[in-house]
Structure formats: structure tokens, C-alpha cells
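I opened my notebook on this one today. Here is what I looked up, entry by entry.

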Amino acid sequence: MKSLTKRFRKLQKKIIVPHAILLKWITIIVSPCILYLSLLVTTRHLALPGGAVFSIFVLLFTCLVFGRLFEKMKLPGIIAMLLVGVGMSNIPWIKDKTILKPLSVSSDIKVICLIVILMRGGLSLELADIKKCGRAVLLLVFLPCFTEALVYAILSVFLIGLRWTEGFMLGFVVSAITPAIILPILLKLSRHGYHVMDNSIFTLLISASSFDDVVSISGFMVFFSITLSQDHSVIWQIFKGPLEILMGIVIGLVIGFMFWIVPPPIKFRPSGSTVMAYENTRLALVTMLSISMVFGLNHFEFSGSGPLAVIVMAIIVRRGSMGVLYMTYVLDMVWEYAAEPLLFGLVGRDIRLSVIGPDILWKASIIIVVGLIFRSLAVFISVMWTKLTFKEKIFVCVSWIPKATVQAAIGSYALTTVTRRGIDDPKLIYAGEVILTIAVLVILVCAPLGSLLIKFSAPILLEKVRSEMSVILDANATPKSQPTNRLAFTFETLEENS
């Protein structure tokens, strides 16, 4: 048996080492075929052309392929995913095909993708970062967000004709930035020796961007709840918004603290139990309860409470769990290979180019430009009292331009909820279509523009030095003392703490 094993290993070296790249591409090609075969066997007619499963598979695979191609061209992959969705629903010879007919489950998929974003955001929030950066983080979180939301609300009311609550819904949708675009660029700049990681810019941007998304989503949910309650009595309109906020916080706190003891902490677990088994259980329970809270509270017309409860629960779980790195790792993989391409692809499918007239297009363009100007001024004021140099403050303003994830997640939330509940309010339906249209335009403008501006402005605005952190992050200089496998590092840390 041993001799057979040795022969097999020698054969592996002869085949794998010379043909590693070829085998990699074979794996990339064969994997989706195996996935589709398993879907075909289990779901049968649903996985055939014209079925919902087949449509989802085509959308997912196409978005992944074109997203990677755009990334190879140094462009945001999310733009490709969005354009794939737009093309599938607007190009006649593709739109007419039955395999790409509208998905009846698309709204539920987008809500689940939103839940993934909320869980990742809550688990990544470190309240200690506020103390580390002080007032600057709080200002950078609230001042640009509220300023841009107010500007969008005013302009949308007078230019487009939205009601004030709908204008603030639009403002909070587009006010969120995208850490998924900012973080990779900052790490790459640090590898090239720019003065990013070893001063407060990195901590300031990453901490504030995580909180910024939470504030934007929470603000949108509050004004959306107020908008939906306008057909009820005045007393109900006054109390429903605060009631939904209170419900979301209380439910999130109760369930979050529950996960401090269920599953039991590592030191109280039976001997022989594995860390992975318990953390998988915790992650599964957190995910199922998050889905239940969002869909359940939305069923009882408390649509703003569910997302808030998920955020609060995730923050509390982070404080009480030693396996937060593992949960974050799994959610990152789910986001990268499933939730992100599906979300941006489905949002693109919701856009109908035929209904976007020149009137709404030029008005939206004015609103976006004016909003970015006021946002940049608010960002500069937020970091005015920090120790950053003038050029570094300008770089922070530039870094606060990219937008994509939150806009895709909640841009269609209002329209989807109104349609699902059968609310026959032409003004609200029109507002939902406007919010979705402007959210997509913001993604198409701000994601590539912000990415390019950060890359091209860094050599001008940042000092180029060779710090210890840049050496550590260098792809060719990985310290032996640090594990190269993030997942292995996670479990090594957990086992040591146990």
C-alpha cells in the first residue's frame, strides 16, 4: 500500500507541476459544468432552459466571468456584473429568449444578498476604532452621509417631484460608500510603498466606511417606514418610525446576547469537540435567524426593523464570539462567489432603458454632481482637525467617492416591497423607480470614477516611503512567523484561546 502511495505521489508531481496552469483552467471550466449537472439532477425541469434555476445559473456564471475580465483590465468587476444584468433585460435578441425571462424569485434573492451585507458589516464593526481615531471617525461617518442625503432630498423634491420622505430615502440610498472598492486599492498602494498603512489614513477610512454603510441603511429604513405609514392615522405615522427603530434594536440585542451562550463558549464545551463544528453551528443559526427576522418583520409591515435587528445582532455577536474571523471568512466567500454577482446582476435586470427618458437623465446627472461636491466638502471638514497633511485630507475626499454595494442592495428595496405588498400608490411606485434608476446611475458613475481617481491621485497626494507594513504586505515578502492561510490562522487563534 505504501509503495502504491509513493508511486501515485510521483505521478502527481510529473503531471501537476509541469501542467499546473492548464489544470487550473480545466478546473475553472469543469466546476460550473458539475454544478449545473447537480442542479439538473436535483431540480429537473427548473434547471432546463426557461426554468428559474437555469436563469439564475446563467446570470451567476456570466456575471462571475465578466467581473473577472473587468478586474484583469483594472476596472471594478461590479460594473461588468451590472452591465450584464442590463444587457440581459434590454438587448432584444437576448430579452426575448425564454431562458432569460424575469425571475419571480429575484426580489427574495436581493433581500438575502442584503442580509449578507448587513451581517458582514455588523461583524466587521470594531467599536474600539472610534476611540482610536476619536472625533474624526464620527464626523466622517455622519457629516458626509447626512449632508449628501439632505442635498439629494432637496434637489429631488424640487427637480423630480418626490415627496420629502421619498427624497430622504433616495439620499440615504446614494450616500453610502463601498469599502469593497476602497480596501483593495489601499492595500495595493501600501505594497507599492505609499504612506497609507503606517499612519491613521487606513484605520480612519476603513473604520468610517464600515459605519457609514450601517448609518445609510438605517436612515433609509427609517424614512421608508415613515413613507409606508402615511396612509394611516397621524398618531401611527408619528410613532411607527421610532417604534420600528426600537423594535430592531431590542430584537437584535436579545438575539445577539443569546449567541453569547448558544453555542457555549469554547472553555465550557465538552472535551473532544471541534472549534469548526461549533462555529459552523453558530454561523448557521445567525444566518437563519437573520433571514427569519427580515422576512418575518417585513410580513407584519415592519420592514425597517428587520435590517436594524440584523446589524445590532451581528455587532453583539462579534463582541461575544471568539470565532468571528471564521464567520467573516465564510461570509466573504459567499459574498464574492454568489451574493455579489447575483445582486448586481439582478439589479441590472431591473433597469429598463426604454423608460429612462432624457428628462430624468439630465436631472439625475445634476443631482449626482451637486451631491458629490457637497459630500467632498463635508468630508474635508470632517478631517480638518486631524493630524493629516493637506494632501492626505484631499486623498480622503477622493477615497470617499466610490459607491456600489449599498446602492445595489437597497436601491430596488422600496419598489420591490411596494410591488410585493400590492400597494396601489402611483407616486410611491414612481419614487421607487426613480430611486432604482438613480442608484444604478450612481454606481455606473462613482464606482469607476472613484477607483480611477484614487489610483491616479495617490502618487500626487501621498508620500512614498518604504515602511515595515509595506514590506509585510509585499507579495514576495511573507514573514515565516505569519501563516499564509487565513483560515488556518483563524483556527490556530481559536485553539490557542481555548
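**Glu 166.** I started with Glu 166, which sits in helix H9 (residues 164–174); helices here are DSSP runs of H or I with at least four residues, numbered from the N terminus. The model is predicted, so local features need pLDDT of at least 70 and side-chain atom pairs count only at pLDDT 80 or more, while totals for chains, interfaces and linings use all residues. Residues are numbered from 1 along each chain as its sequence is written, and side-chain values use heavy atoms, with hydrogens and water left out.

Is Glu 166 buried or exposed? I found 1% relative accessibility, so Glu 166 counts as buried (buried is under 20% relative accessible area, exposed over 50%, partly exposed in between, with a 1.4 Å probe and protein chains only). Its side chain makes a polar contact of 2.5 Å with that of Arg 163; such a contact is a pair of N or O atoms within 3.5 Å, where within protein one must be able to donate a hydrogen and the other to accept it, and residues adjacent in sequence count only if both atoms are side-chain atoms. Leaving out residues up to four places away in sequence, I listed Thr 227, Lys 427, Leu 428, Ala 431 and Ile 435 as touching Glu 166 (contact means heavy atoms within 4.5 Å).

**Helix H2.** I checked the length of H2 (residues 20–43): its 24 residues should span 34 Å at 1.5 Å a residue, and the end C-alpha atoms are 34 Å apart, which agrees. The expected span is 1.5 Å times one less than the number of residues. Just after H2, I noted a positive phi of about 55 degrees at Arg 44.

**Aromatic rings.** My search of the whole structure gave 13 aromatic pairs; rings of Phe, Tyr and Trp (its six-membered ring) pair if their centres lie within 6.5 Å, with planes under 30 degrees apart stacked, over 60 edge-to-face and the rest tilted. Tyr 36 and Phe 54 have ring centres 5.8 Å apart and planes at 75 degrees, so this pair is edge-to-face. Tyr 36 is in H2 and Phe 54 in helix H3 (residues 52–72), so the pair ties together parts 18 residues apart in sequence. For Tyr 36 and Phe 57, the centres are 5.4 Å apart and the planes at 40 degrees, so I logged the pair as tilted. Phe 57 is buried, with a relative accessible area of 14%. I also noted a cluster of Phe 142, Phe 146, Phe 168, Phe 172 and Phe 223, linked by ring pairs.

Definitions and conventions:
Helices (H or I, at least four residues) and strands (E, at least two) are DSSP runs, numbered from the N terminus.
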